[in-house]
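Trainee: I want to learn how to read salt bridges and sheets in a model. Where do we start?

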Amino acid sequence: MANAYKDTMNLPKTDFPMRGNLPENEPKRLAKWEEERLYWKVLEANKDGDPWVLHDGPPYANGPIHIGHAFNKILKDFVIKSKAQRGYYSPYIPGWDCHGQPIEHEVEKKLGTEKMRELPQSKVRELCREWAERFVDVQRDGFKRLGVNADWEHPYLTFLPNYEAGNVEVFKKMYLDGAVYRGRKPIHWCSHCHTALAEAEIEYGDEVSPAIFVRFEMTTMPAGLEAWEGKLDVAIWTTTPWTLPADDAVILHPDEAYVAVAYDGRAYIMAEALVEKLVEKFGWEDAEVVEGFKATGIELAGNRYKQPIFADQGEEGVFIYADYVTMEDGTGIVHTAPGHGVDDYLAGMKFDVPVIMPVDDDGRFYEGEGLGTGGPFSDMEVNEANPVIIEWLRERGMLILHEDINHSYPHCWRCHEPVIFRATNQWFVSMDDTGLREAASKAIEGEVEWIPAWASNRIGAMVADRPDWCISRQRSWGVPIPVFTCDKCGETVTTEATFDAVIELFYEQGADAWFTKRPSEYLPADTRCAHCGAGVDDISPEKDILDVWWESGVSHTSVCKHRESEGLHFPAEMYLEGSDQHRGWFQSSLLTSVGAYGVPPYKSVMHCGFTVDENGEKMSKSKGNGVDPADVMSNFGADVLRLWVSSADYSHDVSISDDILKQVSDAYRKFRNTLRNLLGNLDDFGQDKLVASWDDLEPIDKYVLAKSYALLRDCEAAYDAYKFQTVYRTCYDFVNELSSVYMDVTKDRLYSEAPDSPRRRAVQTVLVNVLEVLVRVLSPILSFTCDEVWEHYPEALRADGRPFSVQLAGWPVREDFVPALPADDGRADMEAFAVAMGVREVVTKALEEARGAKEVNKSQEARVVVTVPMDALTQVEAYDAAVSEELLFVSGVEIVGGSDYACEVLPAEGEKCPRCWNYRELGGNASHPAVCKRCGDALDAIGFEE
């Protein structure tokens, strides 16, 4: 008979599978979304909503996507989908950075350097474009597999004519305003890549460098040291011996005191604060400070010394001063080559110190014998010259001490080789001539929301301290700097009319035309050199190209402004990229936008950290600790990867590994199984069976329904604040309690009551409300799974006009809850029942101990006497015994007052009902004497005959 009773139970029914088999099924769903044009249907549904634009920062089109790409793109998808579900019109145009040295380098590796040099620039650009197009396709497929909604058919690519023209539009505005200029200044130079680099293209790594102390012989005698004429030196310190051929000044601190130290028949000028330390370092046991001499840096300025390499030609250097000289290392006097350092250059400018540049594009000294060449080190590579120069100084008695130091040194972010500072003619954006620094700083502080808020300090400090922006690069693959040079006098030829002609040319034919057409073919016929009057046939186009950070930075114009007809606008609501973009894209976008239009290109900026392994170490091929998103999706599925992203605090570096993903996979199964149970228990439920009144719900039903609305409010606030980790944690905790408490507690009502029992329908009413909330609030995160759940809704819950995807279902609102929530949203009922939930914890612990002691097997076999503190007694006693028995999952409950919570477990009274397995009095229904009365009535309701 027990088996017959089993068939009378209301067991869950659903074809929603327990196992998601995500690696196999997600691609099918992607194909379905594409066929249904889901992205476009969402836009159509929200066409009357408020516009909200997240502008995509372009990844570099060079290689498959990595886990950092996936992390960033999924975060963006969370933002876009959560906004779209709230009714915002949120188009998302993905983009790719397609120009620049890395692609050019890959083509060079493929062709070989010699063959590359033989090809015309137009052919090199063609090959680079093909390379970029190939990896745009590769990366696009990778991003689509993540479940990211976007206009994948019409991305923005920085090599497209429309985009390239935007570069000139911004350049024109900033040039004519006076913010762009050509100058000869020291910049980071990569000898390997043969190009200038901006600060954003520099990465720092440890290097071992030679630090040397050298004596330069004085040619003037400071007052008080006349007796040392012919025997007086200035002691300097440098970590770049190779810059000595370009030396033409030494820098002192303006206010520090300097003295002369006598040793072995000569005197050496050095900072007083460092004398004791230096004498010990040099091993000068008998050294003494010369009496009668002490002077500040300001007082010593103007004195002269013999240039260390070219003294035999009469070359001299001069004493100058600057505040940045410290008393921590060296001698307090710094050798200076203004052509090899920004600080030295700026200091030298104040004293009219000339810029000497003896190093060529390959990082080798020019050949020759005089200042401006390598002299005795001609044609040597600068780093190879270091030991030779040191030995040369030693042989001439000029070297005081040589030691090696480990320090942080700038490297090229592309080839990872050390760079040098080198003065060359480059194009710059001035940070101060037109007030750009001040305007950008003002925008950072008061016009942009930074997420997290502390990020404003980071980018603010970078903008405050940065030098003028070097925007020219000596490469082939990029957008040319849109200016011309007069062939006759060498002056720059640039006017509003020439800019407009280039803009029109780029719109029509793209930047390639710059390299294949003569200026006379597209410039106005009356174009003239303002300096010498030369005509359009006597001017040449600039050969340098723009910095790729400039190119990506002007996307606010080339995308947001140019594609307004597609729903974009300027400024965008948000930019979202990695934390390194404070010195990269966030900054280049800000400077070009403020420089051209006077406003920032974004209303908010959100950054994410880097992805690291489970030990917090940076991922690299050499360490073998990388995680390939394609492998993750093949093993776990994209929704597990998306759930991992939501579980992390994205504002910091985020760890990922197989073990971490396995833990996330367990959490995913919890969500999936809970959603499956909800579907299964609603198989016979429809809108016509909803309980209409709040008062018809039992206390635990009210508790869960109120918590469901609280969950909705909390998730809504978390999405608004972009706190996806809070969404994850809030939903996970809710689902845990839902499955371990409510669905466990109400299982008896769901399975054993008559199908149309008001008590059973009350539970189902709660469950359908819970499902409607969960499937929507989780959809931006678990996009594949929630869409699958939506498709598996019971037939009776699929109302007419119901959208085909949950992504079109909108966001739940308070008015959607049935029954209607009370005025306080059910908080009073929820808070009151929380006391009973506390009692449950006490009883659950006591039952576990009883099971451990073999006193009971199942909780239904027990009855309990629960002691409750007097301040909680009234609240607990207010509930019917049936409510407490259901909540505690026991056959009987007695509540007594006391000083603290306690629970006594006793054997159940009555007999075990063969249908529901509860211990109750049997035979209450004459038609079914073998079961409890409740089960007998249920059997009558379904027409079951014994």
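Mentor: With a definition. A salt bridge is a side-chain nitrogen of Lys or Arg within 4 Å of a carboxyl oxygen of Asp or Glu. Keep in mind that this is a predicted model.

Trainee: How many salt bridges does this rule give?

Mentor: Side chains of opposite charge can pair when their charged atoms come close. Here the count is 70 salt bridges. Take Asp 701 and Arg 749: their closest N and O atoms are 3.0 Å apart. Asp 701 sits in helix H23 and Arg 749 in helix H25, so the pair ties together parts 48 residues apart in sequence.

Trainee: Is Asp 701 buried or exposed?

Mentor: Buried, with a relative accessible area of 0%. Arg 749 is also buried, at 0%. Salt bridges with shared partners join both residues into one network, including Glu 698, Glu 886 and Arg 934.

Trainee: Which parts does the salt bridge between Asp 500 and Lys 172 tie together?

Mentor: Asp 500 lies in helix H15 and Lys 172 in helix H8, so the linked parts are 328 residues apart in sequence. The closest N and O atoms are 2.7 Å apart. Asp 500 is partly exposed at 34% relative accessibility. Lys 172 is buried at 16%.

Trainee: Now the sheet. What is the order of its four strands?

Mentor: Strands of a sheet pair through backbone hydrogen bonds, either parallel or antiparallel. This open sheet runs S5-S4-S17-S19, with antiparallel pairing. Strands S5 and S19 are the edges, each pairing on one side only. S17 and S19 pair over two bridges. Phe 428 stands opposite Cys 470 in S19.

Methods:
Residues are numbered from 1 along each chain as its sequence is written. This is a predicted model: local features need pLDDT of at least 70, side-chain atom pairs count only at pLDDT 80 or more; totals for chains, interfaces and linings use all residues. Side-chain values use heavy atoms; hydrogens and water are left out. Two strands pair if DSSP finds at least two bridges between them. Buried means under 20% relative accessible area, exposed over 50%, partly exposed in between (1.4 Å probe, protein chains only).
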